[in-house]
Amino acid sequence: MAVAVVALEILSCLGLGALILRLLKIDGALEAGEHLAFAFALGFGLLGWLVFPLGVWGLLKGPWLFGLLLAGCGGCLLVWRKGLPRAIDKPDAVAFSLLALIVAVLVLDLAEGLSPPGDADTLAYHFTAPKLFLEAGRIEHILRPLDGAIPYLVQMTYLPALALGGEQALTLWTMLSGWAAGALLFVLCRRHLDLNWSLATALIFLGLPATVYAAGSGQIEVRTAMFVMVAAWATARALETGRLKYALLAGIAVGFFGGAKYLGLLFALVCGLTIVFQRRWLVHGAVFSAAALLAGFQWYAWNAVHTGDPFF
């Protein structure tokens, strides 16, 4: 049951993200592998965004969350039309060795993905807050010492897994969504590096202590790295091509990051400054800002309603 729920949530993220790419007409500029990785990253953020209104309306129940996942799966038709990734370079002995090491790392990650959560932050709020929201049937305003009420966009994606598949589905979901950041890094590297160097970079990322520690737990940093990579790529493309659609995509990605963590606001500022220091600064800046505000406003509005301060 846990595996089925996680598979459904993966397909939902792919479908939701593919819909964003189609609406922005960016899917045509992406290879099949890039399309999969970008679609998952964007769909991951959109899923968290869509769970929020269900929580506000008091609809955090299994049937509603199941319906949301099913609706997202409809976009998988766009993924199917794009086709499956195809190898560009023929793997050599080095590539097969790197692939074997990556598989070894992923197998070891299964120990974390199949085991109960154990780190302090996960037990304190990353997994506890979604559990409390499900018990209440709605999101609650939770105050914490030092940093007040934090944004929970990433944790919103934990709710369908926990509600429909229990703790085992939740831990598997965090493990697999952590792997997605490595896959996105790989496809971005392939635009500039050969197969071996791209595999080596992905292996280094997956083997970093921060990734090993956080990817299979409730920690959100590895998952927000997907938003960072999409935003950085889209910002560069906006400057290179002058097309608004890339500024819009960058705004959506930084908005998701801001909706997941206060630190995302600093990254949004960096991307925004990069956008405005170029020829089409006014129109790109306006589109970027509007998209970032739409994608990231939810939890700040939630704080403002309860405390009078969006950043508390």
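Here are a few friendly notes on the pocket, the cavity and the surface patch of this predicted model.

1. **Ground rules.** Residues are numbered from 1 along each chain as its sequence is written. In this predicted model, local features need pLDDT of at least 70, side-chain atom pairs count only at pLDDT 80 or more, totals for chains, interfaces and linings use all residues, and side-chain values use heavy atoms, with hydrogens and water left out.

2. **Confidence.** The chain has a mean pLDDT (the predictor's confidence in each residue, from 0 to 100) of 88, with 98% of its residues at 70 or more. Helices here are DSSP runs of H or I with at least four residues, numbered from the N terminus.

3. **The largest pocket.** This pocket holds about 1,100 Å³ of space. Its lining has 36 residues, and Gly33, Pro85, Ala183, Phe186 and Val187 are the closest to its centre. Two or more lining residues come from each of H1 (2-23), H2 (32-56), H5 (93-114), H9 (158-189) and H10 (195-207); H9 gives the largest share, eight. By class, 29 are nonpolar, two polar and five charged. (On a 1 Å grid over the protein atoms alone, a pocket is an open set of points with protein on both sides within 12 Å along at least five of seven lines; a cavity is a set where a 1.4 Å probe fits but cannot get out; lining residues have an atom within 4 Å of a point. Points are joined across faces, edges and corners, and a volume is the space filled by probe spheres set on them.)

4. **The cavity.** Glu140, His141, Ile142, Ala149, Ile150, Tyr152, Trp299, Trp302 and Asn303 line it. Six of these lining residues are nonpolar, two polar and one charged.

5. **The surface patch.** Leu269, Leu273, Val276, Phe277, Trp281 and Leu282 form a nonpolar patch with about 650 Å² of accessible area together (Shrake-Rupley, 1.4 Å probe). Patch residues have over 30% relative accessible area and no salt bridge, and nonpolar side chains are joined within 5 Å; a salt bridge puts a Lys or Arg side-chain nitrogen within 4 Å of an Asp or Glu carboxyl oxygen. H14 (263-276) and H15 (281-296) each supply at least two patch residues, and H14 gives the largest share, three.

Methods: Nonpolar A, V, L, I, M, F, W, Y, C, P; charged D, E, K, R; others polar. Patch = residues over 30% accessible without salt bridge, like charges linked within 9 Å, V, L, I, M, F, W, Y side chains within 5 Å.
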